[in-house]
Amino acid sequence: VLEVETDHGRELTAQEIYQRVNPSVVTVMVQLDDSVSVGTGVIFRADGYILTNYHVLAGGRDCTVAMDTGRTYEAQYVAGDERNDLAVLKVELTGLPAATFGDSDQLVVGESVYAIGNPLGELTYSMTQGIISAKDRSITMSDGTVMNMLQTDTAINNGNSGGPLFDMYGQVIGIT
């Protein structure tokens, strides 16, 4: 179960957001036939559930996640939705620092947002800042699937896939 917080408290500085939420961000590494897929994920439950993009895991077999502490753990695939490009992983740990999730419907164009992830697969726990450029942006994928998305000018690169997009209250409001 993914819980959404309706009370967000005061607006945080970028430094406060990073300090508060970075421990809930993980690097996701998936063994492919002849390479490794590297992306990002976010812990959404203290008992080891992690949200990421489906395409980060597609075609892979063994999956590990690295925490901001530097420790690495085996992760099991729980469920996924290829059409919406979301997947859930599970690590056998408890007491993890779960992120809080906010309501993306409450965002307004021009609002500051922040991404933390693993750009280029090697720049772990990098934070970028931008704004919401548009809401409800319909994008048609190569297979004809239409996805409704938030548009942001926040710098996002390969490796950020599956990572969280935070609002100015430190709540996850999107997955990059």
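The legends below describe close-up views of a predicted model.

Local features are given for residues with pLDDT of at least 70, side-chain atom pairs count only at pLDDT 80 or more, and totals for chains, interfaces and linings use all residues. Residues are numbered from 1 along each chain as its sequence is written, and side-chain values use heavy atoms, with hydrogens and water left out.

**View A. The largest nonpolar core and the surroundings of Phe166.** A nonpolar core is a set of buried Ala, Val, Leu, Ile, Met, Phe, Trp, Tyr and Cys residues joined through side-chain atoms within 4.5 Å, where buried means under 20% relative accessible area, exposed over 50% and partly exposed in between (1.4 Å probe, protein chains only). The largest such core has 16 residues, of which Ile17, Val42, Leu51, Phe101, Phe166 and Val172 touch the most other members. Helix H1 (14-21), strand E2 (36-45) and strand E7 (112-117) each supply at least two residues of this core; helices (H or I, at least four residues) and strands (E, at least two) are DSSP runs, numbered from the N terminus. Leaving aside residues up to four places away in sequence, Phe166 touches Ile17, Val21, Val25, Ser112, Val113, Tyr114, Ile116, Gln171, Val172 and Ile173, contact meaning heavy atoms within 4.5 Å.

**View B. The aromatic pair of Phe44 and Tyr49.** A search of the whole structure finds 1 aromatic pair. The ring centres of Phe44 and Tyr49 are 6.2 Å apart and their planes stand at 45 degrees, so the pair is tilted; rings of Phe, Tyr and Trp (its six-membered ring) pair if their centres lie within 6.5 Å, planes under 30 degrees apart counting as stacked, over 60 as edge-to-face and the rest as tilted. Phe44 is buried, with a relative accessible area of 14%, whereas Tyr49, at 22%, counts as partly exposed.

View C. Arg10 and Glu16 meet at 2.7 Å, N to O; Arg10 is exposed at 52% relative accessibility, and Glu16 is partly exposed at 27%. Asp33 and Arg61 meet at 3.4 Å, N to O, and this pair links distant parts of the chain, with Asp33 in the loop between strand E1 (25-31) and E2 and Arg61 in the loop between helix H2 (54-57) and strand E4 (63-66), 28 residues apart. In the salt bridge of Lys90 with Glu92, the closest N and O atoms are 4.0 Å apart; Lys90 is buried at 14% relative accessible area, while Glu92 is exposed at 68%.

Methods. Salt bridge = Lys/Arg side-chain N within 4 Å of Asp/Glu carboxyl O.
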